[in-house]
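Subject: Structure handover

Hello,

Here is the structure I promised to pass on. Please open it first; my notes follow below.

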Amino acid sequence: MQYISAILKYDAIVDLSNNQLKDDVGVMFENLLYTANLSHNQFTGFDYGWETWYNRTIPNLQYNEIPIPEEILATDFWRKNHELFIGNPGYQAPK
């Protein structure tokens, strides 16, 4: 599977890890009660950019292809959510 377009139930448990999903992570994943697992895919960014996701629920995005911008590394957002991005290009643990 390379792309998903669906209306997800609020209380759904979504695990789409180890697929071939790519392009940007859709905002549909931020309204879930439980954090979606999207690890080990080929996502390359976020719908509407990083700043749009600062106040949203971030899915598990470990081991994707999302480049981590240098300016993100010093933010509170990064300190709070960095573990969800382990294995992505440019990943650094907070200092």
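Contact, as used here, means heavy atoms within 4.5 Å. Bear in mind that this is a predicted model.

Start with F77. F77 sits in helix α1, which spans residues 76-81. Its relative accessible area is 7%. Buried means under 20%, so F77 counts as buried. Setting aside neighbours within four places in sequence, F77 is in contact with W50, W53, Y54, I58, I72 and F85. F46 is 31 residues away from F77 along the chain, and the two C-alpha atoms are separated by 14 Å.

Next, W50. On the F77 list above, W50 is one of the partners. W50 itself touches I66, P67, I68, P69, I72, F77 and F85, again not counting residues up to four places away in sequence. Note that I72 and F85 are contacts of F77 and also of W50.

Now the core. The largest nonpolar core has 22 residues. Those with the most contacts inside it are V25, F29, L38, W50, L61 and F85. Strand β2 (42-46) and helix α1 each supply at least two residues of this core. In soluble globular proteins, nonpolar side chains tend to be buried together.

What follows helix α1? H82 lies in the segment after α1. H82 has a relative accessibility of 13%. The cut-off for buried is under 20%, so H82 counts as buried too. Beyond four places in sequence, H82 touches Y91, A93 and P94.

Y10, I13, L33 and Y34 make a nonpolar surface patch of about 480 Å². Of these, Y34 lies in the loop between β1 (22-25) and β2. Y34 is partly exposed, at 42% relative accessibility.

How exposed is each? Y48 has a relative accessible area of 63%. Exposed means over 50%, so Y48 is exposed. Y63, at 41%, is partly exposed.

Best wishes

Notes:
Residues are numbered from 1 along each chain as its sequence is written. This is a predicted model: local features need pLDDT of at least 70, side-chain atom pairs count only at pLDDT 80 or more; totals for chains, interfaces and linings use all residues. Side-chain values use heavy atoms; hydrogens and water are left out. Helices (H or I, at least four residues) and strands (E, at least two) are DSSP runs, numbered from the N terminus. Buried means under 20% relative accessible area, exposed over 50%, partly exposed in between (1.4 Å probe, protein chains only). A nonpolar core is a set of buried Ala, Val, Leu, Ile, Met, Phe, Trp, Tyr and Cys residues joined through side-chain atoms within 4.5 Å. Patches are made of residues with over 30% relative accessible area and no salt bridge: like charges are joined within 9 Å, nonpolar side chains (Val, Leu, Ile, Met, Phe, Trp, Tyr) within 5 Å. Accessible areas come from the Shrake-Rupley method with a 1.4 Å probe; for residues, only the protein chains shown count as cover. A salt bridge is a side-chain nitrogen of Lys or Arg within 4 Å of a carboxyl oxygen of Asp or Glu.
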